Amino acid sequence: MHIAVLAKVVPDYEVPARDFELAGNRAHSRYTRMIGLYDENAVETGIQLKEKYGAKLSIVSYGHGDDVPILRKAIAMGGDTLHLVLGDSDDPYVIAANLEMALEQIKDVDLVLAGQQSADQDRGIVHGILSEMLGYTFLAQISRIEFDQDRWTVHQNHENGSRVLQFSRKAVLSITSSHENVPRIPVVRAIMAAKKKPVEKLQGIDAAPMKAEEIKVEIPKLESICEFLPLDDLQQTAKILLARLREERYL
Amino acid sequence: MRVPYWNVDYGFLIDVLAVPVFAIFFSGLYSHYRKIRKGKEQLKLGWGKANVKKGPVFLKEVFTKSILGTRIYRKFYTGLAHGLVFSGMAILTLGTILVFANVTIKLPVFRGAFNHWFMSFGLDLAGISALAGLLFFFLRRLFPPDRLVTPKERTGFFPMIGLLALIIITGFLLESLRIRASGPEPASFVGNFVAGFIPANGPILSYHRYVWWFHGFIALGFIAYIPFSPMVHMVLAPVNTALADPRPGPKMGVIDFSSFDDEEGEDMPPMGVAKLGDFSRKRLLDFDTCLWCGRCHEVCPAAQTQRPLSPKMVVATLAEFLAANRFTDEPVDVIGIDAIFNCTTCAACMEACPISINQPKAIMQIRQNLVMERSELPELMSKAYNSLEQRRHPFFGTGAGPKDWQKGLDIPIFAPGKTEYLLWVGCAATYDERAQKIARAMVKILSAATVSFGILAKPRCTGDPAKQMGNEFLFTEIARENIEEFDSLGIKKLITLCPHCFNSFTRHYPELGGHYEVIPHSVLISDLIAANRLALNKSSESFCFHDPCYLARRNHIEQPPRRALEAMGTLIEMPRTKRESFCCGGGGGNYWSESSGIRINQVRAREALDTSSSLIATACPFCLLMLTDGVKKFTEDKKVFDIAELVEARLKLG
């Protein structure tokens with residue numbers, strides 16, 4: 001069994017709203033870079049499958065050469081090999097084409113896992129496009145994966161419940177976070193060992209981008225307005241609060 | 001004149017018997033030594049600094065903590081009882097040695113004033129003293145305070161108290177029988193008194209012989225039994241205190257990770273401690289020496305708020321592992337992971353320990369192993385750890401940007417060769433909105449006193465939270481980054497707002513090559529007031545001061561913040577203060593921990609509020625945050641302030 005996990009290095013996804021600023025329509029380069037939140041869930045899921053079924057686990061990424069030290073965390077967590085396709089496109093088709101190229105080169109991948117969406121673009125479409133390119137089944141929002149007698153059983157999470165699905169082909173799964181795939185903290189020996197592991201850097205390829213043009217990017221500024229309500233009569237205060245919330249269309 | 005072995009035939013046989021008895025005694029001690037030798041490292045030999053240490057022995061501590069047992073007297077009656085038994089038995093032993101010397105080398109001890117005042121009066125007084133002390137111990141074991149029995153009680157004291165008392169009582173009886181048969185000895189007041197109750201017409205000489213042999217046998221039996229009973233602390237406790245580094249705090253040191261580089265190496269050392277055999281010899285000596293007296297238990301903030309940790313339980317468990325030779329078993333399975341992470345590293349246990357056991361170091365070494373080798377740490381701590389690793393600060397989910405605290409202030413950036421002090425802001429005062437006010441206040445204070453200072457362009461963390469959470473690797477990585485930046489900027493002097501940063505810079509950074517002159521903000525403020533560089537408005541306000549553990553207990557900085565408060569109003573002390581301060585609950589990474597049940601910060605806040613002082617002052621951002629939260633349970637008033645905030649608000653301007 002060979003599992004590949006797609007991991008993207010993104011700017012800090014916890015930058016406070018009031019400190020966030022754009023530079024060239026993207027997050028300012030001053031922010032710390034790290035593996036995306038859901039991608040870490042995907043790595044953790046991959047490691048659990050590796051531990052349970054003795055799979056080989058490849059980490060595949062598309063990005064800058066500078067991302068390597070950050071991606072090593074996925075190796076420290078339990079990944080076996082790291083493959084980085086060099087490129088700087090934000091276009092989902094270009095990214096998917098490059099990842100497809102990497103996966104074809106790695107060969108014999110049975111299952112591709114990826115975080116349900118990247119923490120910078122938040123589109124959640126690259127894995128779908130990739131599955132089309134690879135000709136694999138695509139299932140989104142997966143939280144649990146089991147394998148038995150050549151069949152995969154997966155749990156698909158929805159807002160109000162879950163669905164169990166089975167398939168026997170190769171697939172791309174987008175992974176959502178659950179209490180079962182909280183990313184582990186790598187042990188120190190693994191961090192030290194990961195620093196020495198070779199990384200395969202692949203030259204990116206040109207591909208046809210999405211037929212759309214980015215015109216403008218805006219991040220709304222958060223405003224906090226504080227309003228004090230009278231507290232003489234609690235019932236009356238509750239009524240005022242309810243009215244105000246309705247007035248502002250929060251309810 | 002007294003005659004040795006009076007009325008006893010073949011009395012020298014007791015002396016002959018002493019030879020195998022001492023052989024058993026030393027063999028028993030050797031068995032302790034053999035176990036302790038299974039620990040990891042050699043005790044460091046060689047001359048220490050300033051001649052206070054010879055080989056592994058701290059000379060001053062030999063006389064103070066070892067021989068005089070100064071720390072035992074922190075509980076006066078227990079200390080007094082120990083003093084009475086120890087000094088009494090020491091004098092009686094000396095008396096017995098002198099008798100032996102009289103027999104063997106004819107030392108004239110039974111003549112004149114020496115016989116009167118020492119051999120008669122002195123030895124009787126010593127016996128009475130020791131008996132009084134033993135009576136105290138007997139009653140205390142019969143009606144034990146909670147600390148002796150919680151969470152478990154060490155047994156074996158009653159037989160030893162009884163045996164020791166019997167030796168003294170038979171000694172007095174022996175003396176009385178001798179006096180009854182041969183006439184009063186003027187200064188032997190106990191012997192003369194008891195002799196008065198002995199009938200004149202009995203077989204006194206026979207009784208005297210029987211008692212003489214009985215006394216001799218039980219005394220020898222006691223000596224032989226010492227190494228196999230809790231009384232071995234008579235030997236181990238002085239040794240342990242003499243070998244304990246007297247500097248305050250657990251002295252965690254740093255780990256050289258280069259030894260872990262060779263993955264294929266056959267003998268990979270563990271990170272931290274997993275098995276008993278991973279501990280150093282000094283730690284094993286600690287466990288072997290511990291009497292389970294529970295002084296650590298009763299000052300531990302975790303134990304006193306019914307959390308799963310008791311330092312006594314940790315050391316007692318490790319002692320049981322040692323006694324059972326379980327060197328390859330993992331004690332954390334018995335101690336519990338929760339217990340290990342509940343330690344706030346406040347070091348109150350260590351401060352209270354009368355025999356200088358380093359409980360926090362043992363706990364932290366197990367924690368290091370859990371974190372670095374097993375990746376096991378509580379959820380909130382792991383979030384803080386992740387943030388520290390990725391963002392270089394532990395305040396995950398903060399709503400504050402790195403420069404938010406500077407809004408409206410014109411703060412100089414440290415200029416190499418021009419600026420004197422680096423104002424080290426630290427993570428809490430950068431990323432927590434409440435703690436930011438400390439940094440803002442300090443900037444205004446430094447500006448008012450015209451101190452040459454600057455900050456770093458990009459905020460940093462010392463890495464101390466990683467160290468406290470048990471990840472020495474991450475700490476070392478962050479510390480090295482900081483040292484590199486300090487070197488590039490030529491930084492030599494630092495002002496810290498946080499005692500944890502101060503402790504890290506002064507205790508751990510030098511071991512990684514970073515040597516700086518570091519001054520805590522409370523000390524600098526006090527110095528500036530004393531030098532009349534800060535003028536303050538004094539009022540009738542009263543302040544109580546919560547001593548941060550990392551300032552008072554770990555670094556013995558107690559007076560400067562008090563002097564600053566006294567310059568503004570009246571100081572009121574809490575019952576637990578200075579080195580005996582009670583932790584706020586936020587240390588050891590426990591600022592990022594789930595709280596349920598009795599909360600440490602609320603206990604401390606209640607204690608502070610009970611002083612009825614106008615305001616509660618502290619000198620640590622973590623203490624500030626914990627106490628601010630703790631006070632909320634009892635009042636809505638804003639009561640807790642950092643010393644910098646208080647000073648800044650009372651500055652006489654112009």
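This report describes a predicted model, taking the interface of chains A and B, then strand pairing in chain A, then the domains of chain B.

## Where chain A meets chain B

In the predicted model, 16 residues of chain A are in contact with 20 residues of chain B. Sorted by class, the chain A side holds nine nonpolar residues, six charged residues and one polar residue.

## Strand pairing in chain A

Strand S9 (residues 137–148) of chain A pairs with strand S12 (residues 171–175) of chain A in the parallel sense, over four bridges. Within this pairing, Phe138(A) has Val172(A) in S12(A) as its bridge partner.

S9(A) also pairs with strand S10 (residues 151–158) of chain A, here in the antiparallel sense and over six bridges. Ile145(A) has Val154(A) in S10(A) as its bridge partner. S9(A) and S10(A) form a hairpin with two residues between the strands, and Gln149(A) takes a positive phi near 45° in this hairpin.

## Domains of chain B

Chain B is divided into four parts: domain 1 (12–238), domain 2 (271–372), domain 3 (386–528) and domain 4 (536–649).

The C-alpha centres of domain 1 and domain 2 of chain B are 31 Å apart. Between these domains, 24 residues of domain 1 of chain B are in contact with 27 residues of domain 2 of chain B. On the domain 1 side, the elements giving two or more residues are helix H1 (12–36), helix H5 (146–149) and helix H9 (233–243) of chain B. The residues on that side of domain 1 of chain B comprise 11 charged, eight nonpolar and five polar.

Notes. Residues numbered from 1 in each chain as written. Chains lettered and ligands numbered in written order. Predicted model: local features only at pLDDT ≥ 70, side-chain atom pairs only at ≥ 80, totals over all residues. Contact = placed C-beta atoms within 7 Å. Nonpolar A, V, L, I, M, F, W, Y, C, P; charged D, E, K, R; others polar. Pairing = 2+ DSSP bridges. Domains from an automatic or database assignment.
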